[in-house]
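Subject: Handover of a structure and its findings

Dear colleague,

Please find below the structure that I am handing over to you. My findings follow it, and I would be grateful if you read them with the structure open.

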Amino acid sequence: MHEMSLCEGILQVLEDQAEAQQFKRVKTVWLEIGALAGVEPSAMLFSFDVVCRGTLADGCKLEIVDQPAIAWCMACGDNVEINQRYDACPRCGGYQLQVTHGDQMRIKELEVE
């Protein structure tokens with residue numbers, strides 16, 4: 001369950017930003033998670049709640065924003081949406097795809113006070 005360590009990393013970012021931007025409490029975090037990021041949303045929600053207890057993000061709401069997996073198809077010369085790595089292109093059936101989006105996780109927005 002690597003989601004716990006991911007949440008610890010998010011909390012570190014929140015603490016660093018609180019110091020830099022002088023806010024005292026985090027109310028909501030919008031977190032973008034790509035379809036290929038290998039993150040289980042339910043484990044992320046559970047871990048975030050546990051990690052944030054007793055911190056500036058205690059009771060904070062985590063909003064997960066799902067991001068689609070997008071790959072560049074060399075044969076089509078266009079971006080296509082895929083379901084998983086090594087999928088065939090949904091247009092031409094080719095396998096010359098390079099993932100361009102959907103394998104990352106990032107904090108999109110914070111609500112603070």
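At 33% relative accessibility, Glu 111 counts as partly exposed; buried means under 20% relative accessible area, exposed over 50%, and partly exposed in between, with a 1.4 Å probe and protein chains only. Before I go on, please note that this is a predicted model, in which local features need pLDDT of at least 70 and side-chain atom pairs count only at pLDDT 80 or more, while totals for chains, interfaces and linings use all residues. Residues are numbered from 1 along each chain as its sequence is written, and side-chain values use heavy atoms, with hydrogens and water left out.

Salt bridges

Glu 111 meets Lys 27 in a salt bridge, at 3.9 Å from N to O. The term stands for a side-chain nitrogen of Lys or Arg within 4 Å of a carboxyl oxygen of Asp or Glu. This pair links distant parts of the chain, since Lys 27 lies in strand β1 and Glu 111 in strand β6, 84 residues apart. Helices (H or I, at least four residues) and strands (E, at least two) are DSSP runs, numbered from the N terminus. Lys 27 is itself partly exposed, with a relative accessible area of 31%.

The whole structure contains 8 salt bridges. Another of them joins Arg 25 to Glu 113, with the closest N and O atoms 3.1 Å apart. Arg 25 sits in the loop between α1 (3-21) and β1 (26-34), and Glu 113 in the segment after β6 (105-112), so the pair ties together parts that are 88 residues apart in sequence. Both residues are partly exposed: Arg 25 has a relative accessible area of 32%, and Glu 113 stands at 48%.

A further salt bridge connects Asp 49 with Arg 53, and here the closest N and O atoms are 3.1 Å apart. Asp 49 is partly exposed at 40% relative accessibility, whereas Arg 53 counts as exposed at 53%. Elsewhere, salt bridges that share partners join Arg 25, Lys 27, Glu 111 and Glu 113 into one network.

The sheet and its helices

Strands β1 and β6 also belong to an open sheet of 3 strands, with the order β2-β1-β6 and mixed pairing. Two strands are taken to pair if DSSP finds at least two bridges between them. The edge strands, β2 (61-67) and β6, each pair on one side only. From one strand to the next, the twist averages 20 degrees. Axes are lines fitted to C-alpha atoms, for helices over the stretch in contact, and angles run from 0 to 180 degrees between N-to-C directions.

β1 and β2 run parallel and are joined by 7 bridges. Within this pairing, Glu 32 has Val 65 of β2 as its bridge partner. Helix α1 packs on the sheet, where α1 touches β1 and β6, and its direction makes about 45 degrees with that of β6. Helix α2 (residues 41-52) packs on the sheet as well, touching β1, β2 and β6, with a direction at about 155 degrees to that of β2. Contact means heavy atoms within 4.5 Å.

Nonpolar cores

Which residues of the largest nonpolar core touch the most other members? Of its 19 residues, they are Leu 14, Val 26, Val 29, Met 44, Phe 48 and Ala 57. Such a core is a set of buried Ala, Val, Leu, Ile, Met, Phe, Trp, Tyr and Cys residues joined through side-chain atoms within 4.5 Å. α1, β1 and α2 each supply at least two residues of this core, and α1 gives the most, with 5 residues. Ala 57 touches Leu 11, Leu 14, Val 26 and Cys 52, not counting residues up to four places away in sequence. A second, separate core of 7 residues includes Ala 71, Cys 73, Val 80 and Ile 82.

The hairpin and the cysteines

Strand β3 (residues 69-73) and strand β4 (residues 78-82) run antiparallel, joined by 5 bridges. Ile 70 stands opposite Glu 81 in β4. The hairpin of β3 and β4 has 4 residues between the strands, and Gly 77 takes a positive phi near 70 degrees.

The structure holds 0 disulfides, a disulfide being a pair of cysteine sulfur atoms within 2.5 Å. The sulfur of Cys 73 is 3.6 Å from the closest cysteine sulfur, in Cys 76, which is too far for a bond. Cys 73 is buried at 1% relative accessibility. For Cys 7, the closest cysteine sulfur is that of Cys 52, at 7.0 Å, again too far for a bond. Cys 7 is buried, with a relative accessible area of 0%.

Yours sincerely
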